[in-house]
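Here are my notes on this model, written as numbered points for you to check against the coordinates. I hope they make a handy walk-through.

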Amino acid sequence: MVLAGLLDLLSIHYPIIQAPMAGGVSTPLLAAEVSEAGGLGMIGAGYLNPNETRKQIREVKSRTIKPFGVNLFIPEKTFWAEGETRKAYDALEAFRFKLGVESSYSTSSADHYKEQLEIIIEEGAPICTFTFGLPSDEEIQLLKEKNIVLIATATTVEEAKLAERKGMDAVVVQGSEAGGHRGTFLHTMEEGLVGLISLVPQAADRVNIPLIAAGGIMDSRGINAVLCLGAQAAQLGTAFLTCKESGANPVHKKAVLSATEEQTVVTKVFSGKYARGIYNNFIKEMEEADAAVAPFPIQNSFTGGIRKEAARQNNPGYMSLWSGQSPRLSRDVSAFELMQSLVAGLNCNNE
Ligand SMILES: Cc1cc2nc3c(=O)[nH]c(=O)nc-3n(C[C@H](O)[C@H](O)[C@H](O)COP(=O)(O)O)c2cc1C
């Protein structure tokens, strides 16, 4: 198994990457602990404003001198008629009423992507990863001139090939098992739902840049399996979500720790973009009502107050409980303990 390529590129010791988890789940402390333990810690900067982005980068740098990465969302261009957007907002009225959330209609959603790129360069973050698409040619060139390692997210071989053609240094191949948002950008959601055991070897046969496998991997068995299939590292989200250092709401952690493999679904009712999470009342009621859903990120801001209030009320029924398909393997441990057990079971020890 040749792992040196990616590990050298990222200057890390073990083929283990903590997935960026935007929305407060991945914290600077979590990222620093994973990097300190020889993996790659990631900041999920997707929803952060420029100040918060800089603050998180600085906090990681203050906690570790090891490499870490920053993940950004490629902004979406959404065109939706005002009437349609209003319909999606009104469809949420019953939830606002139920939870006691005040109504305040606004479709503005700030996009800080360009400023975040500047901050990543200014702060000298060594690695930058992307989801929901690819950066522009100019952005790729600029970041490469600054020696920043660039990693894309793909859910099909076509997407991975495009990432390679555009000059990305590596690509996360995200299987259908994965928790959180789908990175699909060339295909429909259904087309992009390819299982990891199919995706990794097919991508490995057609793509020359290193592959990082993501989706349902929770322990060293999963890591060894994807390395066998042709990946050079594994990216784990749900496994780190239940760690002590994760910023996930305790209600979310508890839901994942007690969930089973058939309880997650892929839905766009929370954010307007398809994501995998634990089935709950909000998904059920939105589906039963066949409710209008605004595109990402408008729907995400529409449901923000509902999700926040549900969390405050310790009510998992109306929160977005992102989880991959392997929640039975989740554990309530520290990031260091998780890293230790992952490393202990690796077949390729890289020593
Ligand atoms: C709570 C949560 C938030 C996530 N947020 C992001 C994100 O901000 N950026 C990203 O590229 N991937 C994100 N992901 C997806 C992960 O990168 C990865 O594909 C996924 O966690 C792998 O599946 P697993 O959760 O079964 O390990 C998120 C996943 C979860 C569970």
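1. Gln-56 sits in helix H3, residues 50–63 (helices are DSSP runs of H or I with at least four residues, strands are runs of E with at least two, and both are numbered from the N terminus). With a relative accessible area of 17%, Gln-56 is buried (buried means under 20% relative accessible area, exposed over 50%, partly exposed in between, with a 1.4 Å probe and protein chains only). Leaving out residues up to four places away in sequence, Gln-56 touches Ser-26, Pro-28, Ile-43 and Leu-48 (contact means heavy atoms within 4.5 Å).

2. A word on the basis of these notes: the model is predicted, so local features need pLDDT of at least 70 and side-chain atom pairs count only at pLDDT 80 or more, while totals for chains, interfaces and linings use all residues. Numbering starts from 1 along each chain as its sequence is written, and side-chain values use heavy atoms, with hydrogens and water left out.

3. Please have a look at Ser-35, which lies in helix H2 (28–36) and counts as buried at 1% relative accessibility. A polar atom of the Ser-35 side chain lies 2.7 Å from the backbone oxygen of Pro-67 (a polar contact is a pair of N or O atoms within 3.5 Å; within protein, one must be able to donate a hydrogen and the other to accept it, and residues adjacent in sequence count only if both atoms are side-chain atoms). Beyond its neighbours within four places in sequence, Ser-35 is in contact with Leu-40, Gly-41, Thr-64, Lys-66, Pro-67 and Phe-68.

4. Which residues have the most contacts inside the largest nonpolar core? They are Ile-16, Val-70, Leu-72, Phe-130, Ile-223 and Phe-240, in a core of 97 residues (a nonpolar core is a set of buried Ala, Val, Leu, Ile, Met, Phe, Trp, Tyr and Cys residues joined through side-chain atoms within 4.5 Å). A second, separate core has 15 residues, including Leu-40, Val-149, Ile-212 and Ala-214.

5. Now the ligand. Of the 21 residues around it, Pro-20, Asn-71, Gly-216, Gly-237 and Thr-238 come nearest (a residue is near a molecule or strand if one of its heavy atoms lies within 4 Å of it). Strand E3 (68–73), strand E9 (233–236) and helix H11 (238–241) each supply at least two residues of this shell.

6. An oxygen atom of the ligand is 2.8 Å from a polar backbone atom of Gly-216; for Ala-22, the corresponding distance to a ligand oxygen is 3.1 Å. The protein covers 96% of the 590 Å² of accessible area that the ligand has on its own (areas come from the Shrake-Rupley method with a 1.4 Å probe; for residues, only the protein chains shown count as cover).

7. Most residues other than glycine have a negative phi, and most peptide bonds are trans. Ser-11, however, has a positive phi near 55°; it lies in the loop between helix H1 (4–10) and strand E1 (16–18) and is exposed at 52% relative accessibility. Phe-132 has a positive phi near 75°, in the loop between strand E4 (127–131) and helix H7 (137–145), and is buried at 6%.

8. Lastly, a cis peptide bond joins Phe-296 and Pro-297, with omega about 0°. Pro-297 is placed in the loop between helix H13 (281–288) and helix H14 (298–312).
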